Amino acid sequence: MNSDICKKESAKVCSVDPFNTDVSIIGAGVAGLYASYCCSLAGIGSVLIEALMFPGGQCAAIYPEKKVYGTPGFKNIKAKEFINYLSEQISEYDNKKFFGYKVETIKKENEIFVINARNDCDCCNLNINSKYVILATGMGNMKQSIPPTISGLDNLPKNSDFVQHYCMKMDLYKNKRVIIAGGGDSAIDFAINITPIAEKVFLIHRRNQFTCEQSKLKDIERLKNSGKLTLVLEHNIVQLKEENEKRFVITKDKESKERVFNTDYIVFCYGFLPNCQGSIFGLENSELKKENNLINVDINTMETSVKGCYAAGDNVSYINKKKNIVPCFFEADRAVRSIKQELYKE
């Protein structure tokens, strides 16, 4: 899906004349794409702005090869394929889409949101006046979470690919010995995905049980019985070594007994840390409320503490919130319906 404004080859900075729209959607992950679709169905003009050059957010950038679980109507579908369906769904509509544009500021002036964005080569400014905003930014820029108690990371060769964080390329693990670190849904999903193609997989977790959907445990048991997957429970990873073209992962159990694994890769599935402690486009100056770096919303409307500003996806917080794909649809739909009701009042 191409952006409505292409990148300029020259270094000259251009500026797009400000234009008006009903809704500006910031972020083109699952929530943002579906919000754009809902706007189209409702006859609401919208603009979709995404910092990446492609749609999909985490699904496209972090785990395109991962199978998506729990999504109604789909079985064994990969994240990138799912994003393709969502992208095709909105492609028949003429709402504007801008990829490769990072929003820098959102200011509320006289009940209008004034949005400024710049493309990824800093050659073009985008200026939008919007009645409403939907923040579908997910967790924003993220960094991988690795416990500081694991030693040896700083001693690995600079060009080493020993440490991985997610399944960007499944072929990387074909016929390889792989250690998966973690016990949540991501670790379990990854084990289910790569065990059939890897030579041997060790799933190492510091507890004696997994914190994943119960239905996945049957697959884990089946793979364990096949002999290709070994569960190493109540073990903490304490050290990584790479020497003489060999790679080792050292663990300790609850009695501090060491165990050494010879492997090709270690894949950390300890999640990602949000890098959004600072400004959210300057909206905090409009009293946008956050909790633990997540945006507070009214579950009845998905409106934030800033009137006219809504949010949907992994960046929002409310009671009994579960982070997966399914709530994104409910949240995006509810935000758009709330906006539609407000528009009809005018």
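These questions and answers walk through a predicted model.

Me: How many residues of helix 4 are buried?
Reply: Helix 4 spans residues 185–194. The helix is mostly covered. Of its 10 residues, the number buried is 8.

Me: Which strands and which helix do the buried residues of helix 4 pack against?
Reply: The buried residues include Phe 190, Ile 192 and Ile 194. Ala 187 and Asp 189 are also among them. The buried residues pack against strand 4 (67–68), strand 12 (177–181), strand 13 (200–205), strand 18 (265–268) and helix 5 (215–226).

Me: Are the rings of Tyr 34 and Tyr 37 stacked, edge-to-face or tilted?
Reply: The model holds 13 aromatic pairs. In the pair of Tyr 34 and Tyr 37, the ring centres lie 5.8 Å apart. Stacked needs planes under 30 degrees apart, and edge-to-face needs over 60. The planes are at 40°, so the pair is tilted.

Me: How far apart are Tyr 34 and Tyr 37 in helical turns?
Reply: Both residues belong to helix 1, residues 30–42. They are 3 residues apart there, so the separation is about one helical turn.

Me: Is Tyr 37 buried or exposed?
Reply: The cut-off for buried is under 20% relative accessible area. Tyr 37 has 16%, so Tyr 37 is buried.

Me: Which residues do ring pairs link into a cluster with Tyr 34 and Tyr 37?
Reply: Ring pairs link Tyr 34 and Tyr 37 into a cluster.

Me: Which ring does the charged end of Lys 200 sit over?
Reply: The charged end of Lys 200 is 5.7 Å from the centre of a ring. That ring belongs to Phe 202.

Key:
Residues numbered from 1 in each chain as written. Predicted model: local features only at pLDDT ≥ 70, side-chain atom pairs only at ≥ 80, totals over all residues. Heavy atoms only, no water. Buried < 20%, exposed > 50% of the residue type's maximum accessible area, 1.4 Å probe, protein only. Helix = DSSP H or I, 4+ residues; strand = E, 2+ residues; numbered from the N terminus. Contact = heavy atoms within 4.5 Å. Phe/Tyr/Trp six-rings, centres within 6.5 Å; stacked < 30°, edge-to-face > 60°. Lys NZ or Arg CZ within 6 Å of the ring centre and 35° of its normal.
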